[in-house]
2 protein chains.
Amino acid sequence: MTGSSGSVRPSLTREQVLATAAALVKQHGPGALTMRKLAAELGTAVTSIYWHVGNRESLLEALVERTVAELGALTPRGATPARRVVSVARALRRQLLDHPHLIAMVHERGLTERMFQPAAQALVREVHAAGLRGAPAAQAVRAVLFQVVGFVLVERNRARAPAQHPGEQELWDVPAAEHDPALARALARGPRPEQLFTVSVRALADGLLPTGPDRREAGPPPR
Amino acid sequence: MTGSSGSVRPSLTREQVLATAAALVKQHGPGALTMRKLAAELGTAVTSIYWHVGNRESLLEALVERTVAELGALTPRGATPARRVVSVARALRRQLLDHPHLIAMVHERGLTERMFQPAAQALVREVHAAGLRGAPAAQAVRAVLFQVVGFVLVERNRARAPAQHPGEQELWDVPAAEHDPALARALARGPRPEQLFTVSVRALADGLLPTGPDRREAGPPPR
DNA sequence: ACCTGAACACCGTTCAAGT
DNA sequence: ACCTGAACACCGTTCAAGT
């Protein structure tokens with residue numbers, strides 16, 4: 001027990017602060033989290049918050065920490081190391097897209113390395129299973145992680161800034177796609193992130209892992 | 001002529017504002033660019049700046065615009081489409097690293113698409129030369145662009161936040177690298193971005209382009 | 001142990017007023 | 001056409017003072 005006397009309203013809790021801060025961030029992004037707004041939301045003085053969480057930066061840090069901890073495990077799926085690598089990458093991307101502000105916040109705080117440790121471990125296993133050892137194995141793991149994080153950063157950014165300045169069409173239809181109208185159309189249409197991501201990761205994994213793109217290690221041959 | 005009477009000090013110019021703003025950003029990043037600091041640097045009232053550039057946001061936009069315009073052309077090098085793709089990617093990364101704050105600023109303003117149009121055009125040509133047409137060609141171009149931009153974003157971020165929280169070593173040496181001390185060491189040592197980048201792009205290009213990793217289209221066969 | 005208001009040192013921006 | 005100071009509405013944070 002917290003040793004409170006029998007007061008009705010349990011006064012302010014670090015827990016409450018974090019919870020309503022998390023709600024604010026979830027709705028309007030970290031930029032909208034203001035100590036004063038947060039205090040108003042909580043019905044306390046601004047300065048009370050400082051007693052519980054220190055300051056704005058450590059409040060945000062705690063939020064990131066908590067969100068990262070809540071992310072579920074990544075279970076690789078697929079018959080081949082390459083496919084399991086792709087499945088880990090896709091699951092990781094899914095997680096990140098489910099918490100729209102998380103990547104940027106982790107990014108800004110330099111917590112990337114820690115955040116992606118579970119994914120890294122999963123990838124180490126798969127890369128190892130594919131026969132890579134030592135430095136090349138480490139490089140393969142990191143190449144995939146960089147690829148996923150980078151992709152989601154770019155993708156999320158596109159979503160946040162929907163009105164691309166020069167209209168995106170006239171940007172693409174003049175140029176070098178001279179005699180390939182299908183290419184010009186595809187470029188003007190904009191990317192399909194889901195598809196693009198899968199293709200990219202698959203290509204990368206195939207390029208990095210020593211075995212061919214479709215080797216199965218056991219089970220019946222494809223018919 | 002600008003119609004000024006014969007005054008000695010030519011008064012404030014939009015050009016001057018942009019120049020000293022650029023200097024401030026170059027030194028300490030866009031976060032350090034304050035209208036008041038800028039005014040102090042220029043020796044004018046804060047509000048004069050508003051007359052010349054509108055407001056802070058459009059000032060930053062103009063800076064980005066100018067920097068993007070100053071970037072040199074990307075000339076592909078190499079005997080094979082795949083190699084030329086890699087060379088474009090590397091040149092693009094070089095450009096971005098030479099302007100440390102540029103990517104983030106472009107990123108935040110949603111100008112990514114426009115900024116990378118020259119690179120995109122160069123890539124279209126190479127991908128075309130490799131035999132890709134239509135939608136798959138568009139996808140290959142975008143996969144490479146996403147890869148490069150994402151990589152540099154992650155890389156730049158690591159540089160800005162050098163003190164990774166859990167020490168980076170103890171993060172890596174416990175885990176799944178059970179019987180592979182070389183792997184554990186490589187992971188603990190941290191990435192070599194240059195190398196990692198080249199390996200990643202090469203793997204991606206090899207995975208995306210229809211021809212094998214080392215095909216030469218003309219000239220003597222390898223001996 | 002927890003909460004408070006006042007105060008400080010910053011922001012970007014607007015506006016009426018000067019020349 | 002260009003510059004100015006005053007003022008507004010915000011920030012995060014500190015601190016002495018309350019209970």
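In chain B of this predicted model, the axes of α2(B) and α3(B) come within 8 Å of one another and cross at roughly 95°. Helix α2(B) is therefore roughly perpendicular to α3(B), a label that covers angles of 65 to 115 degrees, with angles under 35 degrees counting as roughly parallel, those over 145 as roughly antiparallel and the rest as oblique. Axes here are lines fitted to C-alpha atoms, for helices over the stretch in contact, and angles run from 0 to 180 degrees between N-to-C directions. The helices themselves are DSSP runs (H or I, at least four residues; strands are E, at least two), numbered from the N terminus.

On the α2(B) side of this contact (heavy atoms within 4.5 Å) stand B:M35, B:R36, B:L38, B:A39 and B:L42, which meet B:V46, B:I49 and B:Y50 of α3(B). The residues of this contact divide into seven nonpolar, no polar and one charged. In this classification Ala, Val, Leu, Ile, Met, Phe, Trp, Tyr, Cys and Pro are nonpolar, Asp, Glu, Lys and Arg are charged, and the others, Gly among them, are polar.

Residues are numbered from 1 along each chain as its sequence is written, while chains are lettered from A and ligands numbered from 1 in the order in which they are written. Local features need pLDDT of at least 70, side-chain atom pairs count only at pLDDT 80 or more, and totals for chains, interfaces and linings use all residues; side-chain values use heavy atoms, with hydrogens and water left out.

**DNA strand C**

DNA strand C is surrounded by 19 residues, the closest being A:T47, A:W51, A:H52, B:R36 and B:T47; a residue is near a strand if one of its heavy atoms lies within 4 Å of it. The largest share, four residues, comes from α3(A). By class, the surface near DNA strand C has seven nonpolar, eight polar and four charged residues.

**DNA strand D**

Around DNA strand D there are 19 residues, of which A:R36, A:T47, B:T47, B:W51 and B:H52 are the closest. The residues near DNA strand D comprise seven nonpolar, eight polar and four charged.

| Residue | Protein atom | Phosphate oxygen of | Distance |
|---|---|---|---|
| A:A45 | backbone N or O | DNA strand C | 2.8 Å |
| B:M35 | backbone N or O | DNA strand C | 3.2 Å |
| B:Y50 | polar side-chain | DNA strand C | 3.1 Å |
| A:Y50 | polar side-chain | DNA strand D | 3.1 Å |
| B:L12 | backbone N or O | DNA strand D | 2.7 Å |
| B:H52 | polar side-chain | DNA strand D | 2.5 Å |

**Chain A**

The secondary structure of chain A comes to twelve helices and zero strands. Of its 223 residues, 48% are buried (under 20% relative accessible area; exposed is over 50% and partly exposed in between, with a 1.4 Å probe and protein chains only).

Methods:
Polar contact = N/O pair within 3.5 Å; in protein donor to acceptor, adjacent residues only side chain to side chain.
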